[in-house]
Each structure stands twice: as C-alpha cells, then as structure tokens.
Amino acid sequence: MTTVRRAVLTLPAAPLGPDNPLPALRAPAGAGAHAVDARTLAELPRDMARGIGRAPLRSLLPAPVRDGYGRERTPADLDTIVIENDRLRVTVLPGLGGRVHSLHHKPTGRELLYRNPVLQPAAFALNGAWFSGGIEWNIGATGHTTLSCSPLHAATVRAPDGGPMLRLWEWERLRDLPFQVDLWLPEGSDFLYVGVRIRNPHERTVPAYWWSNIAVPEERRVLVPADAAWHHGYERGLNRVPVPVTEEGADLSYPLNGAHAADFFYDLPEEQRRWIAALDADGSGLVQTSTDPLRGRKLFLWGTERGGRRWQEWLTEPGTPGYAEIQAGLARTQLEHLELAGGAEFSWLEAYGPLAADPAAALGDDWAAARAEVEGHLAAALPRTAVDAAYTAWREGAADAEPETVLAAGSGWGALEVLRGGHALPGTPFPESTLGRDQEPWRELLRTGVLPPPAKGAGPGAPLVAAPWRDMLETAPADPSTEYHLGIAQWHAGDRAQAVRSWERGLQRAEVRWPLLYCLAVADREEGHPERAAERFAEAFADHADRDAGEAVAAALGREGVTALLATGRAGPARELWARLPAEVRGRGAFRLLEIRILLAEGRPGEARAVFDEGFEVADLREGAEILGEVWAELTDELLPHAYEFRMRPS
C-alpha cells in the first residue's frame, strides 16, 4: 500500500540567513542572462516573440531578495515528507519549495535523479537563494521561482484511486496566483504522478509561467521526440538548430559534449506525445511524460569550459559528479509567458519513472531509431491513454478534494488575499490561522482603512503592491509609513513620478529616514542621476548607522552605497562608508570584492591583488556574473584563477 509520512533528512547545509531588508524595486539582477537581443527577437515566429515580450518583470515586488546565506555548511536536519509504495520512494522538502529531493526505484536500487549531497544556496532564483538537485516547481516568471527556498503548505488528500496523496500549495506573489502540486503513487506503480493546477482568481488576464526542472547526472544521453531545438546561450541569441547534432558536429544529446553552458528548447511536433528521458550507458534512467498542455521540453547543460565546471563545484561538493537539467514547461521556451484569463486555470498531469531500453538502439547514432526505442518502452510501461485517463480522474475527482491531515505550513500571504478578495479555491485552503506578523498590518488596513505604523524606531514591514492594496493605501491616512508603502505600490505599477512624490512627502515627516532615502536613491539611479543617487544611498546608510538598526540593514545599505559612490568616481567617501561597516560584514566575500574595487580606485593595485591572492568567496554571485573577471583584468593579463572563474559566455 502507498504511504505518506513525515521524516527527517540530515545534510551539510549553509543556513539561509535573513532576507534583504530593502524593497526589491529593480528587475531581477540576473535577468540579462535570459534576455534575447532585439535583432533576434524580430526574426522569431510572431507568437513566440509575443510570448517573450509579454509582461516582463519591472521589479521583484512584493517578494524579498534572499541574500543572507553564506558558504559554511554544517549538518542540519531538514523536514521531509516521504511518499512510498512497493516500487518507489519519493522524498519531498516542503520547507524548500516542495522540491523532490530523491526518486528511488526500489526493485533496481537506482536513484533516478541527481541528488545533491549538500544544501548550498546560490543566487540563481529570481530573488536569490536557490539550490541544485531533484525536481523543482517553477512558477512566476522566467527563471527559478522566488519560492525556491520557501515553505509551501502541505497536507494529505485522497488520491483518485482512494490512496493517500500529498498536496503542496501556495500563493505565488509575483503574478498573484495560487497553485497546487499533487503527488501520488498508485499501488504497484513504477511512476510518480504529479497533478498541477494554476488558477487565476482575478477578473483580469494574468501572464502565466511554469517549468518543472529535473536534475539528472550529466553522464547521460538525453532523448526527446524532436529533430530541432531553439538554442539559447549567455550571448543572448535564440536560434533554431538541428537535434541532436549541432552545426559544429557535436552530439549534444550527451551533455558532456557541450563546451558552453546553454539551453536547448526542443521543438516538439504538435501531435507528438510529450516526453523526455535521460539514460545512462546501460540504457537505463529516468523518463518524464505529461498530458499535452505541458508543451515544452528542454535540456540545460553546464558545458566543459572552466566557468561551467566551476559552477558545478560551487553548487555542491568539489569532486562529486556533475548534473544537467531536463525540463518541461507550458510554453516552447522558458523565455515566453502565456495568458491566463480571469477565472480560468491551467492544469495538467506529469509522470516520472524508470525506463530501461536496449542501449545499442537508445544510444546509437540513428537518432530516429533511438527515439523510437525509448518511446516504445514508454508506451509499454505507461501508455499515453493511461496518462490522459489519470489526469481526468485527478482533475474531476481529486483536485478539489479538501486536505485531510496538515503536514506543513506555508506563508500567510494567501490567507490575506483570500480574506481581501473572498476567493473560493476548493482544495487549497488559505485559513486565517496562517496569518503572521508580516500580514498583520495589512489585515488592519483591510479592517480599518488605516495602515499601522511600525514600532518606534523600527524599519518598515513587508510591502504589498497589487492594485487593490494600492487603492487602499491611497485613501489611508498619509503618515510616513503609508507614503513609503504607497510609493512602492506606485513604483510597481509603473507610475514612477508619483512614487517619488509619495516618498518625498513621507521623508518630510519621517523619524526613520533610511527606507525612504533608499527608495529615492534607487529612483535617482534608474532615472539617470547617479551622483544624486550616491548621495542618497550614503545618507540612508548614515541614518541607519546612527540608529544601529541591525547588521542586515547595514550590510544591504553599505553595499549599495559603496557601489554607487565608486560608480561616480568617489573613492574617498566609498572608503569612509566601507570603514563604518561592522568588521564581520567587511570580512564577507562581497565586501572583500568591494574593498578590491576601492583599492583600485585609490591607485593601489598591489594591495588589491593581495586580496585576490588571500582568497575570498562572493556567496551571492549571480548566474552569468562577470564582475570577478572584469576586476581581475584591471589588475593583470594573467589567466583568471580557477577559484574566480564563473564566466559563462563563450570567450
């Protein structure tokens, strides 16, 4: 019989640390890595170009940036939920985005996924902290979800066959959408079934995005029913290429044949069954398939160049095997977003399980024969009609079923939105009991029309930016805290001039000035006034320092202030601000890098080189970042040391 139970997994883990206390007013820092240049965009199919251009994020609001982690790992106990039958054992991390950490096939003793032996956050999610391995559920916008390292609600529900099913659900805040992921193992099944639903409870149409991201060992062949793919690399092109052989003659169905990190979005024929597989030298491995709405399939490979190898080390323990990603999404590419009409939903079913094929056929040079070999074994193990029937049984008989036993709690933001909007969401309750400290001021605004100010001397609380909350802020009594939050909501809506006016009004009467000064500094920088921005960043830091408002605020404002001052050629004030930071903060890798840049600006290259030679690690270095190589090039023509080599673009 299938069981669902709580368990504990112990891994070496780097703590997540505190969220960045500054509002995320700018677009994701790594957005450029997923961009398409204008010339390429003009040459794409019209519907693809529309999807790529649909509602790009102007900011990360209202989600916080998560950059408080480091790289010191110690054993930590992680809460898990284990789903098990006589064939499979599935380990889920409800506190970390609902990640499937392990998919273990009991008859063969095989792990079907790449299972990371450590938990090491890195700056790959839209809002920062993310970790590699397993199966992750990406919703929101192009990139890894802001929920990568956040808790989801979890409970048991009755599966379509009457057995236990695990439901995960949350309210995704970038697009303001509730979603659910239902996982179950039919008795005796070799396949994990996953039912997914995204609902739009609003009257307006909303951009929607989903990609299920599956990490597999990179010593695999990736097979998919396609003869072409859209290639996207860090040089920002998007080109249709043949599969599996590229123009250079390398067979990139084997990830280790790729020199450069790249995405390959496969162009599946419309009538084709959706599937993707990763098989080892014995012809065995993992296959993923789905109902037709989950249209896209993708391979991401790190490449064999120095940057890709370094990232592989960075995300796990050096000396351990690398991984590649196979993915499945709603659109052809991850760069596109679909339209989800008001009151509508997207729903589909996925299945994950083992596949064993004849290696001579599946790994042979005849691509058509290799695909046919895999598809034949998939049809025998799990017919397409069985997947469609399982979806219908789930959607009509289980998707709306109410949770039975609560296993984990997510955030209170969904409860707040249900309270405000009166949304009916069968199967995914967001009870008022889940409201917490972050939601309490907003519940008070909803109840009384007044947003309570923070405690005396304290910084502001978490923002909300959706139109209904903005409307309430506009009619609330205009104290500095309300003006701060109103300005953030106006900024998110694209009314930057009005946002600046709100922040300036708030600043006139504010006792705690740094939050408003920070917002105005960002506005200055975005509007092309770097000198004024630098002055305001420095003023914000000074206001905070005079109040001793906490190390997390000091680090965030100090990093912004030093960077802005250096950008305007003011090495002296940058040095003074850096010196006022707590010693522990100055010792972090990101601030050692700032120290190098200050030393260079002061004309002290020898001392700057000494910091490199001593060694440091920028824990929240972004995917695609080239800053380490750029600063090194100012010092020397020598080859960038391996420890600092994170560049992903072809040289």
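**A guided tour of selected sites**

Begin by selecting S481; leaving aside residues up to four places away in sequence, its contacts are L451, P453 and P454. This residue belongs to helix α10. The model on display is a predicted one. Is S481 buried or exposed? Its relative accessibility is 12%, and S481 therefore counts as buried, since the cut-off for buried is under 20% relative accessible area.

**The second largest pocket**

Keep helix α10 (480-492) in view, as this helix is among the elements that give two or more residues to the lining of the second largest pocket. The pocket holds about 1100 Å³ of space. To find its centre, select D19, P64, W413, D438 and A462, which are the closest to that centre among the 47 lining residues. Next, colour β10 (164-172), α8 (440-448) and α14 (551-567), which, with α10, make up the elements that contribute two or more residues to the lining.

**Helices α7 and α9**

Now select helix α7, residues 413-421, together with helix α9, residues 467-475. Their axes come within 11 Å of each other and cross at roughly 70°. The two helices are therefore roughly perpendicular, a term that covers angles of 65 to 115 degrees. To see where they meet, display the side chains of L416, E417 and R420 on α7, and those of P468, W469 and M472 on α9. The residues of this contact include 4 nonpolar and 2 charged ones, with no polar residue.

**Helix α3**

Move to helix α3, which spans residues 306-314. Which of its residues are buried? They are G307, G308, R310, W311, Q312 and W314. Then show β6 (122-125) and β22 (323-329), both of which are included in what covers these buried residues of α3.

**Helix α1 and A38**

Finish at A38, in helix α1, which runs over residues 38-43. A38 has a relative accessible area of 64% and is therefore exposed, the cut-off for that class being over 50%.

How values were computed: Residues numbered from 1 in each chain as written. Predicted model: local features only at pLDDT ≥ 70, side-chain atom pairs only at ≥ 80, totals over all residues. Heavy atoms only, no water. Axes fitted to C-alpha atoms, helices over the stretch in contact; angles between N-to-C directions. Helix = DSSP H or I, 4+ residues; strand = E, 2+ residues; numbered from the N terminus. Parallel < 35°, antiparallel > 145°, perpendicular 65-115°, else oblique. Contact = heavy atoms within 4.5 Å. Nonpolar A, V, L, I, M, F, W, Y, C, P; charged D, E, K, R; others polar. 1 Å grid on protein atoms, 1.4 Å probe; cavity = no way out; pocket = protein on both sides within 12 Å on 5 of 7 lines; lining within 4 Å. Points joined across faces, edges and corners; volume = space filled by probe spheres on them. Buried < 20%, exposed > 50% of the residue type's maximum accessible area, 1.4 Å probe, protein only.
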